[in-house]
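I opened this notebook to keep track of what I looked up, entry by entry, for a reader who is new to the structure.

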Amino acid sequence: MSMAVVGLLAGMALGFAGYFGGFGAFLLVAALGAIGFVAGRFLDGDLEPGDFFRPRNRDDRRR
């Protein structure tokens, strides 16, 4: 499935949640969608748990 179709389905889900459930339902669906996206990236192997907890290496930092 292309990313455009996935984006379309996510947008439609958020639209239905916002229309029928109000703003709180919209936020809940958006948050659960973000969690599902991150979980999917973990399962695909694109992310590792350490990616969220490791500090970024910044070469431009002055010491």
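Which residues do ring pairs link into a cluster? I noted that the model is a predicted one, and then found that Phe16, Tyr19 and Phe20 are the residues joined in this way.

**Entry on the rings.** I looked up the count of aromatic pairs, which comes to 3. Phenylalanine 16 and phenylalanine 20 are 4 residues apart in helix H1, which covers residues 3-44, so about one helical turn separates them. I then turned to tyrosine 19 and phenylalanine 20, whose ring centres are 4.9 Å apart and whose planes meet at 85°, so I wrote this pair down as edge-to-face, given that the class takes planes over 60 degrees apart.

Are tyrosine 19 and phenylalanine 20 buried or exposed? I found a relative accessibility of 66% for tyrosine 19 and of 63% for phenylalanine 20, and because exposed means over 50%, I recorded tyrosine 19 as exposed and phenylalanine 20 as exposed too.

**Entry on the whole protein.** I checked the secondary structure and found 1 helix and 0 strands. Of the 63 residues in the protein, buried residues make up 2%. I also looked up the accessible surface, which comes to about 5800 Å², with 65% of it belonging to carbon and sulfur atoms.

**Entry on valine 29.** Valine 29 is found in helix H1, and its relative accessible area of 31% makes it partly exposed, since that class lies between 20% and 50%. When I set aside residues up to four places away in sequence, I found that valine 29 touches Ala13, Leu14 and Ala17. For leucine 14, which is 15 residues from valine 29 along the chain, I noted a separation of 6.4 Å between the two C-alpha atoms.

**Entry on leucine 27.** I looked up leucine 27 next, and it also lies in helix H1, where it is partly exposed with a relative accessible area of 44%. Its C-alpha atom is 8.4 Å from that of leucine 14, a residue 13 places away along the chain.

**Entry on the pocket.** What is the volume of the largest pocket? I recorded a value of about 210 Å³. The lining of this pocket includes Leu14 and Val29, and I listed Met3, Val6, Ala10, Ala13, Ala30, Gly33, Ala34 and Phe37 with them. I sorted the lining residues by type and found 9 nonpolar, 1 polar and no charged; Gly counts as polar.

Terms used. Residues numbered from 1 in each chain as written. Predicted model: local features only at pLDDT ≥ 70, side-chain atom pairs only at ≥ 80, totals over all residues. Heavy atoms only, no water. 1 Å grid on protein atoms, 1.4 Å probe; cavity = no way out; pocket = protein on both sides within 12 Å on 5 of 7 lines; lining within 4 Å. Points joined across faces, edges and corners; volume = space filled by probe spheres on them. Helix = DSSP H or I, 4+ residues; strand = E, 2+ residues; numbered from the N terminus. Buried < 20%, exposed > 50% of the residue type's maximum accessible area, 1.4 Å probe, protein only. Areas by Shrake-Rupley, 256 points an atom, 1.4 Å probe, with all protein chains shown as cover. Phe/Tyr/Trp six-rings, centres within 6.5 Å; stacked < 30°, edge-to-face > 60°. Contact = heavy atoms within 4.5 Å.
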